[in-house]
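Have the sequence and the model open side by side.

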Amino acid sequence: MPAHAPDHTDTGPLARERAHLTASRTALRVMREGVEALDLSNVTANWVNSLVLATQMETRIKELADLSHTPLFFGRLDYLPGAGSAPGPDEFRFYIGRRHVHDADGDPMVVDWRAPVSQPFYRASRKDPLGVGLRRRFGYTAGELTAYEDEHLTDPAEEARTSRLLQAEIERPRVGPMRDIVATIQPEQDEIVRSGLGGTVCVQGGPGTGKTAVGLHRVAYLLYAHRERLARTGTLVIGPNRSFLHYIEQVLPALGELDVRQSTVDDLVAGVEIRGTDGAAAAVVKGDARMAEVLRRAVRSHVTLPTEPVVVVRGSRRWRVPAGELEAIVRELLARDMRYGAARDALPQRIAHSVLVRMEESGEAPDDRVQDAVARNPAVKAAVKAVWPPVDPAKLVLRLLSDPEYLAVHADGVLSEDEQHTVRWERPARSVRSAKWSAADAVLIDEVTDLVQRTPSLGHVVLDEAQDLSPMQYRAVGRRCSTGSATVLGDLAQGTTPWATGSWAEALTHLGKPDAAVEELTAGFRVPREVIAYASRLLPHMSPGLRPVSSVRESPGSLEVRRVAPEPASATASVVAACEEALRREGSVGLIAADARVPELALALTDAGLAPLSPGSETTAESRLTLVPASLAKGLEYDYVVLDEPAAVVAGEPDERTGLRRLYVALTRAVSGLTVVHREELPEQLGAV
């Protein structure tokens, strides 16, 4: 499968492909200009419709943008004449790209990678060519088409080889935000990307297996295949922190999808201002699924059974509903286990219905308007307020965390006395506004909010780095896709919170998707084999039973472990020197260190004229060094990584297992090379190099 270098003739294959690229760009420009030229002044009935249509046209114009740094097409399929997948004997060649482009007659010049006809580009093989005779990949340099590479899938004489262009694209230096992998999707990844909207998929993938990219491309595919449905119900990508979201935010727009919302879990449940933090023990208990039962009991405890009748006065008549009948209504609503607020809304109507029955028995003929009027009667409203009072979620959680007796009543048989003591505030807050709420508290408030009023569901949610969520956080996310589906992405070996999930079966149950399919990606395309093998030494000690990633990338010399002088100043100078060496190479550089070491290293780098970027900041050709606290390294990647003091990374966590997992994450951020600098002894689990 040789890569063909540039030809300098006007009629050679590469020249013809360049001509097609030029013609396709011209056609895309014509498509865009056609939308821009539309006159919308007389096509809508009112200003609301006009505004909606104008917004849609603006979005469409953005979708048709020709991005100079993004190739319009990256592959070509030549179907065999008469093949089942081909539309006809004279139309068997398709250029595969990020968006659809057609000519003036409506014939496709570039086919969207998500279209069914494009699927064999990712899945066709010599064993099963799927009707494809030729698969061609294109190579680009600075936006210019410079090479191509052919696979004749039905030619037995052609030897199967690894694609050099595919390998070059995977290994292209990482400068700037995360980019799409649409040109390099592998068959096992494509199966996940194109799986249906109806089911939830969980992807277990080690470092460099492309699970985040797979999840984002799955969103793009689902929006293509189910656009009208998801336009109504919405899509959401949830990441671990804002730095991570900033890093991935350009992927979907590059694929033509502009309207996908992104959020962290903390932002998702932001009902109160977060001004406090929990210790590990308190956060674990607050994040335990048992808290849902404590909260449910506390909410339902507001309901009291009526002991007095309701008397409704209408004109000269008095209608009496006995206490026993009211009690039966309340018990029935409780038995139905409705949302607290929905049941409270139903109660006055049920009382009014009892009054209307009495009216009919006396010979009157009341209608629905009378029932609504009775439901609004002061006597009925007073009864509802006494029996089923409104609940303020934040005030309820405030009382639970402040009042030992109140918590003891509702946590009886659910939480032990020690656990109750752990979650209670040492200094009870006087009000919701003065309370120093933690992130775990906000999740509890979100749970209560849903118990009172159902949380609206989206059509599809992508949850990345899911292994770090607590059961209560899973429940919060699950509420956002209760009638939709989800794509869950993570790696159990990278769980670095004290409440990290132990298994996907457990996590998916808390999410409300126990029947989700679990897929495993074990082929690594990012981390060099030497580096991932070194990091995988930690697996038996922190995540026994997980399969190590098998990297397809051989990069001899990609790992270097340096023992430096024991003096702290000398060690810091050695780290700065390692960063300077890495910056002499092409691509991005990340210096990862224990959080406590970051201020000292930032000062040393600045003094050396290497002022670093913070995580999530976009790298440029002039500024390529990022200083990353180990706690924020997850999900990020750099061409070259300098790792400072592995023992300090482990020691910075509350327990050894979490520390080793944090170190595993730090060791696997490199795309081309990793340099480990240490003056202390390495963690024994790494062994000798």
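Phe-94 is buried, at 10% relative accessible area (buried is under 20%, exposed over 50%, partly exposed in between, with a 1.4 Å probe and protein chains only). Keep in mind that this is a predicted model, where local features need pLDDT of at least 70 and side-chain atom pairs count only at pLDDT 80 or more, while totals for chains, interfaces and linings use all residues. Residues are numbered from 1 along each chain as its sequence is written, and side-chain values use heavy atoms, with hydrogens and water left out.

**Aromatic rings**

- The structure has eight aromatic pairs; rings of Phe, Tyr and Trp (its six-membered ring) pair if their centres lie within 6.5 Å, and planes under 30 degrees apart count as stacked, over 60 as edge-to-face and the rest as tilted.
- One of them joins Tyr-79 and Phe-94 edge-to-face, at 5.9 Å centre to centre with 85° between the planes.
- That pair links distant parts of the chain, with Tyr-79 in strand β2 (residues 73–79) and Phe-94 in strand β3 (residues 93–97), 15 residues apart; strands (E, at least two residues) and helices (H or I, at least four) are DSSP runs numbered from the N terminus.
- Tyr-79 counts as buried too, with 2% relative accessibility.
- Phe-121 and Tyr-122 have ring centres 5.3 Å apart and planes at 90°, so this pair is edge-to-face, and both residues are buried.
- Phe-73, Tyr-95 and Phe-138 make up one aromatic cluster.

**A charge over a ring**

- Arg-399 sits over the face of Tyr-406, 3.8 Å from the ring centre; the cut-off is NZ of Lys or CZ of Arg within 6 Å of the ring centre and within 35 degrees of the ring normal.

**Helix packing**

- Helix α12 (residues 290–300) packs on helix α17 (residues 393–402) at about 115°, with the axes 11 Å apart; axes are lines fitted to C-alpha atoms, for helices over the stretch in contact, and angles run from 0 to 180 degrees between N-to-C directions.
- α12 and α17 are therefore roughly perpendicular (65 to 115 degrees; under 35 is roughly parallel, over 145 roughly antiparallel, and the rest oblique).

**Cysteines**

- There are zero disulfides in the structure, a disulfide being a pair of cysteine sulfur atoms within 2.5 Å.
- Cys-202 is in no disulfide, and its nearest cysteine sulfur, in Cys-481, is 12 Å away, which is too far for a bond.
- Cys-202 is buried at 0% relative accessibility, and Cys-481 is buried with a relative accessible area of 0%.
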